[in-house]
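Here are my notes on the model you passed along.

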Amino acid sequence: MPRLFSTHYSIKSVCDGILCLANLFGNYVYLWNPSIGKFKKLPAPEPHTCDTVPVKVGFGYDPISDDYKVFRIVSEKMFDVEPLVQVYSSNADSWTNEFKAPIMKGVKHFGSANVVVDGVLYFKYRREHLVSFDLHNEIFGLVPIPSSTQMESDVLDFQGSVAMVFQSGIEINLWTLDNVSGEVSWTKKFSIEAHPETEIRLNDYLGAAQFFGHKVFHSSFMFYVLYDYEKKETKIYKDEANVGAFLKYTETLVSLDGFEQVQ
């Protein structure tokens, strides 16, 4: 990662080869396409920021308006309030909308991953729901998660569908979210046949049949796992690289107005 972003920035989302990076409180946001070596610093939003509560940042593409959008969810105070939502439009190159989000009242922490499918962005919310955000109409909704009693992954992108991995003991299942005529429902896609003694937790899907996760130990040691669901093979790696984040990335030549070359 270029030194421009320093250690104070983390990757919040990726869409069409463009990474969205932001600091903890979401008041400094960059869009960066590493494939072409270009980036853009977004204009600063109004200073609606609490320096004690992290801000949720999401990024995706609105195909109806041909517009890339960033939103930030700001909990202005530590107690039970409706968070403020601000939306940036790449077409306007400004933060064009601001509104309250009552469905997320009192929530301080959201899932880290964002998945965009058909112009709708999804992320985890508590243990019972995903949040959907329609990038065109800029409307939030709630999608029930099929089981809150099992351990689950963060929301992930599996072959163009919103998906999650649910685990109960040694049983591991992949479920996908289907949208038929505006009605959403979960479908159990397949079971993951990992060796029962491996004791793995799968966190994300990297493409090419590869799931990423970690091996479970009752100690401070950590091993990372790559699981190939087609070959039913598990590869275990020592935590020598100290992986802080992982994502599926596809190279593109997408460039937005205002992109500059990384020096």
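The points below go from the overall fold to the cores, the rings and then the charged side chains.

1. First, a reminder that this is a predicted model. The chain comes out with zero helices and 22 strands. Of its 263 residues, 45% are buried. If you take contacts between residues at least 6 apart in sequence, 43% of them join residues at least 24 apart.

2. The largest nonpolar core has 17 residues, and those with the most contacts inside it are Ile-18, Cys-20, Leu-31, Leu-42, Phe-59 and Val-70. Strands β2 (18-22), β3 (29-33), β5 (56-62) and β6 (67-74) each put in at least two residues of this core. There is also a second, separate core of 15 residues, with Ala-163, Ile-200, Tyr-205 and Phe-211 among its members.

3. Leaving out residues up to four places away in sequence, Leu-31 touches, among others, Ile-18, Cys-20, Leu-42, Phe-59 and Val-70. Its contacts also include Leu-256 and Phe-259.

4. Now the rings: the structure holds 19 aromatic pairs. Phe-59 and Tyr-68 are stacked, at 6.0 Å centre to centre with 20 degrees between the planes, and both residues are buried. Phe-166 and Trp-175 sit edge-to-face instead, at 6.3 Å and 80 degrees. Within that pair, Phe-166 is buried at 1% relative accessible area, while Trp-175 counts as partly exposed at 22%. Have a look, too, at the cluster that ring pairs make out of Phe-71, Phe-99, Phe-123, Phe-133 and Phe-140.

5. Val-115 belongs to strand β9 (residues 115-117) and is buried, with a relative accessible area of 5%. Setting aside residues up to four places away in sequence, its contacts include Val-120, Leu-121 and Tyr-122, plus Val-155, Leu-156, Asp-157 and Val-162. From Val-115 to Phe-158 is 43 residues in sequence and 9.7 Å in space, C-alpha to C-alpha.

6. How many salt bridges does a search of the whole structure find? There are three. One of them joins Lys-40 and Asp-93 at 3.0 Å, N to O. This pair links distant parts of the chain, 53 residues apart: Lys-40 is in strand β4 (residues 38-41), and Asp-93 is in the loop between β7 (84-89) and β8 (94-100). Lys-40 is buried at 8% relative accessible area, whereas Asp-93 is partly exposed at 37%.

7. Asp-62, Lys-69 and Glu-138 are linked in a salt-bridge network. Lys-69 meets Asp-62 at 3.8 Å and Glu-138 at 3.0 Å. Glu-138 lies in the loop between β11 (129-134) and β12 (139-144) and Lys-69 in strand β6, so this pair ties together parts 69 residues apart in sequence. Each member is buried: Asp-62 at 1% relative accessibility, Lys-69 at 6% and Glu-138 at 14%.

8. Last, which side chain of opposite charge is nearest to Lys-56, a buried residue with no salt bridge? That would be Asp-154, 7.0 Å away. Lys-56, which is found in strand β5, does make a polar contact through its side chain with the side chain of Asn-114, at 2.9 Å.

Conventions
Residues are numbered from 1 along each chain as its sequence is written. This is a predicted model: local features need pLDDT of at least 70, side-chain atom pairs count only at pLDDT 80 or more; totals for chains, interfaces and linings use all residues. Side-chain values use heavy atoms; hydrogens and water are left out. A nonpolar core is a set of buried Ala, Val, Leu, Ile, Met, Phe, Trp, Tyr and Cys residues joined through side-chain atoms within 4.5 Å. Buried means under 20% relative accessible area, exposed over 50%, partly exposed in between (1.4 Å probe, protein chains only). Helices (H or I, at least four residues) and strands (E, at least two) are DSSP runs, numbered from the N terminus. Contact means heavy atoms within 4.5 Å. Lys and Arg count as positive and Asp and Glu as negative; His and the chain ends are not counted. A salt bridge is a side-chain nitrogen of Lys or Arg within 4 Å of a carboxyl oxygen of Asp or Glu. A polar contact is a pair of N or O atoms within 3.5 Å; within protein, one must be able to donate a hydrogen and the other to accept it, and residues adjacent in sequence count only if both atoms are side-chain atoms. Rings of Phe, Tyr and Trp (its six-membered ring) pair if their centres lie within 6.5 Å; planes under 30 degrees apart count as stacked, over 60 as edge-to-face and the rest as tilted.
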